[in-house]
Amino acid sequence: ISMYHKEKSIQVKNSASALYNNLGVLRIAPRHLTYFTVVHANVVNMVSASWDGLNYSHRQLQSKEPNVATSTSLIMQAAFCPLPSRDLLVVTSQKGIQMYESDGSIMVYWHALDTPETPTAQAVFARGISAVRESYICVGVSSGAILVFDVPIKGSNITLSEVLKEHKESITDIAPECSGQPGMECIADLVSADDGGNLCVWKSGEDFQLLNNIPGFDMSCSSVKLWKGTVVAGYGTGQIHLYEAVTGILHAEINAHARWIYSLDIAPFSGLLLSAAEDSLVRVWHLTMTPETNSVEVAHLHNECVTDTQICGAKFCDGDGYAFAVTGYDLSEIIRYTQS
Amino acid sequence: MSSRTLPLLFINLGGEMLYILDQRLRAQNIPADKAKKVMNDIITTMFNKKFLEELFKPQELYSKKALRTVFDRLAHASIMRLNQASMDKLYDLMTMAFKYQVLLCPRPKDILLISFNHMDAIKDFVKDTPSILSQVDETYQQLIEMYTTLCSGEFQLIRQTLLIFFQDMHIRVSIFLKDKVQNSNGRFVLPTSGPVPYGTQVPGLIRMFSCTGEEVTRLQFNNGGNYTAALREGSFEIFRDRVTKLGTNMYSVSRPVETHMSGTSKNSAQHTKVNTAPNPLAKEELNLLAKLMGGLEVPKSGNADNVDNIVFQDQQVNAELAKIMGEFTESGEQSPSSSSKGDDLLAMMDGL
């Protein structure tokens with residue numbers, strides 16, 4: 001019997017663009033709702049889906065600078081940033097970074113990137129979004145810089161607290177330690193990845209501290225995750241690597257996909273890993289940590305083939321990995337799967 | 001997104017356009033010297049030094065509308081005239097062909113190999129004309145200079161930029177349907193079999209290591225496909241084997257060309273509505289392009305009867321050129337049920 005089965009898809013107003021990590025999911029347990037975001041060119045499509053499957057509401061967010069009527073730009077990524085005090089939706093584009101209340105109703109902050117008068121050979125954009133610890137949101141930039149924003153408990157007084165300049169190539173993805181286990185004190189809070197496959201491991205704080213730099217092998221790392229001190233990185237070659245974050249020790253290497261990986265996700269309570277690529281496959285794996293032997297084991301559990309589709313986003317819908325959702329280039333739907 | 005996308009978009013679309021025009025000129029038995037003149041004139045315009053200089057500057061992609069205008073002008077750079085409907089169909093074929101190549105290319109860097117396949121074919125079209133040949137060679141150098149040093153991530157950004165440009169285009173192309181690379185819903189077939197890209201391993205292996213770096217376990221898993229090892233890498237130099245067939249001429253003599261029309265009316269229903277909202281930048285783009293394409297005579301009316309611009313005096317040739325203009329319907333040719341002028345004028349692209 002198959003581990004997962006397909007559920008009814010959610011229709012979206014536009015098709016998904018071919019961008020890394022192109023699916024945002026936020027579970028709102030008290031209201032029995034889940035928010036989804038899918039990027040299409042210069043628009044973010046938001047769907048709010050009730051858990052009983054009866055109510056869907058849609059909203060679109062445009063990428064544009066406030067007060068500049070004709071300016072539009074392409075969006076690179078939209079992601080939810082859950083913080084203890086509030087959840088924000090962050091949208092990054094060629095022009096800058098927008099932060100909204102999690103339902104997309106109000107824009108609370110805008111940060112403009114330094115865009116040159118005439119275009120340069122090196123593209124300018126923001127990409128890579130992560131909430132960290134109690135009050136930070138980190139966003140990557142095409143130059144390799146990472147902007148650290150300090151977010152107050154409420155209101156729009158968000159400030160740029162620091163700029164981390166360690167990466168030399170465009171940031172692709174950023175992820176927080178997501179184990180969420182009380183009493184498990186993880187040393188590393190954040191991992192960032194770039195187009196050269198280089199991984200930086202950080203400790204957050206008033207001044208972020210670089211704990212480790214794991215060199216790449218000249219191949220873009222398009223998606224990265226950090227769980228129980230282990231970095232899980234997906235590459236353009238279709239490989240997944242697992243590293244011990246603070247030491248850089250390689251735990252495992254998987255020849256996972258036949259094409260470029262576009263999305264990774266981890267279900268923190270169960271240790272399930274989700275990987276999705278241009279090869280039309282979504283794969284589910286299981287990670288087991290054995291602290292005594294400092295080893296990590298990986299087992300392959302399940303495959304789903306989304307026929308004739310280059311997948312661009314895949315995320316678990318809950319912390320146990322009971323359900324996951326998928327988006328694909330040119331598809332105007334969010335495909336959902338649930339454990340059988 | 002990537003400011004280095006436009007040259008690749010233009011060269012590959014131009015290459016596809018030349019393949020199609022070459023096939024039509026042969027299919028309609030246009031005399032070799034006249035056909036050659038048409039091809040040479042278009043290629044000369046395509047590789048116009050000033051235009052290419054502008055093209056290679058870092059910039060965002062042109063809008064769909066602006067790019068279409070460039071190709072309208074290019075298609076009319078010779079004595080050949082196409083009416084609106086034929087031009088529409090030509091453009092649909094060109095764009096779907098390149099969309100297919102971009103989507104199917106194994107690695108983002110292979111887009112450069114696809115571009116070189118087009119360039120190789122263009123070189124072959126003009127191999128007897130040294131002046132144009134040198135323009136093409138210079139462009140090769142520019143491509144090598146600009147693109148061979150880019151990293152994998154930058155190529156993927158270019159590819160992603162192209163995919164946004166081609167988003168939601170699902171026009172059915174008979175040659176693709178026949179070859180079963182496109183489904184009847186207009187979406188391309190993405191096989192989960194065949195050679196993996198150069199630099200990728202066949203999926204199926206998990207290796208786990210000890211802290212000292214020794215491999216402790218190997219596990220196999222079912223990859224759900226039927227993959228084989230990668231082929232050798234295609235070459236990025238001027239006179240070499242590209243390995244990939246993407247970007248080579250689908251319509252060449254050795255291949256039987258599909259002659260069955262695959263339902264134009266359905267195709268047009270699948271056309272995405274192009275955003276016609278006034279774009280303040282578009283006028284600027286169009287003005288610049290018009291200047292660079294150098295005051296070409298484009299007939300103001302869509303009336304294909306207008307042969308005044310054509311140089312040839314020869315009556316026989318005029319009749320054949322009128323055929324190209326799509327007015328001519330041969331007896332017995334499968335024509336759409338409607339006898340409206342619009343349908344007849346599609347005869348130009350009927351065979352494709």
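pLDDT is the predictor's confidence in each residue, on a scale from 0 to 100. Hello everyone, and let me start with the ground rules. This is a predicted model, where local features need pLDDT of at least 70 and side-chain atom pairs count only at pLDDT 80 or more, while totals for chains, interfaces and linings use all residues. Residues are numbered from 1 along each chain as its sequence is written, chains are lettered from A and ligands numbered from 1 in the order in which they are written, and side-chain values use heavy atoms, with hydrogens and water left out.

Confidence comes first. For the complex, the predictor gives an ipTM of 0.95 and a pTM of 0.86. Chain B has an average pLDDT of 76, and 72% of its residues score at least 70. Where in chain B is confidence lowest, and where is it highest? The lowest mean, 33, belongs to helix 13 (residues 341–344), and the highest, 97, to strand 2 (residues 205–209). Helices (H or I, at least four residues) and strands (E, at least two) are DSSP runs here, numbered from the N terminus.

Over residues 256–287 pLDDT stays under 50, and the model has 43 contacts beyond four places in sequence for them. Over residues 294–352 pLDDT also stays under 50, with 97 such contacts. A contact means heavy atoms within 4.5 Å.

As for the overall make-up of chain B, its secondary structure comes to 13 helices and four strands. Of its 352 residues, 54% count as buried. By buried I mean under 20% relative accessible area, with exposed being over 50% and partly exposed in between (1.4 Å probe, protein chains only). Among the chain B contacts with a separation of 6 or more, 75% are between residues 24 or more positions apart.

Now to the aromatic rings. Over all chains, the structure holds 18 aromatic pairs. Rings of Phe, Tyr and Trp (its six-membered ring) pair if their centres lie within 6.5 Å; planes under 30 degrees apart count as stacked, over 60 as edge-to-face and the rest as tilted. Take A:Phe217 and A:Tyr235: their ring centres are 4.8 Å apart and their planes stand at 50°, so this pair is tilted. The pair links distant parts of the chain, 18 residues apart, with A:Phe217 in the loop between strand 18 (209–214) and strand 19 (221–227) of chain A, and A:Tyr235 in strand 20 (residues 230–235) of chain A. A:Phe217 counts as partly exposed because its relative accessibility is 36%, whereas A:Tyr235 is buried at 0%.

The rings of B:Phe165 and B:Phe166 have centres 5.5 Å apart and planes at 80°, so they are edge-to-face. Both B:Phe165 and B:Phe166 are buried. Elsewhere in the chain, the charged end of B:Lys109 sits over the ring of B:Phe236, 4.6 Å from its centre. The test for a charge over a ring is NZ of Lys or CZ of Arg within 6 Å of the ring centre and within 35 degrees of the ring normal. Back in chain A, ring pairs link A:Tyr4, A:Phe316, A:Phe324 and A:Tyr337 into a cluster.

Next, some backbone angles. Most residues other than glycine have a negative phi. Phi of A:His32, however, is positive, near 50°. A:His32 lies in the loop between strand 3 (24–28) and strand 4 (33–40) of chain A, and it counts as partly exposed at 47% relative accessibility. Phi of A:Ala41 is also positive, near 50°. A:Ala41 lies in the loop between strand 4 and strand 5 (43–50) of chain A, and its 12% relative accessibility is why it counts as buried.

The structure holds three cavities of 30 Å³ or more. On a 1 Å grid over the protein atoms alone, a cavity is a set of points where a 1.4 Å probe fits but cannot get out, and a pocket is an open set with protein on both sides within 12 Å along at least five of seven lines; lining residues have an atom within 4 Å of a point. Grid points are joined across faces, edges and corners, and a volume is the space filled by probe spheres set on the points.

Which residues lie nearest the centre of the largest cavity? They are A:Gln122, A:Ala123, B:Arg4, B:Glu154 and B:Leu157, out of 15 lining residues. That cavity holds about 120 Å³ of space.
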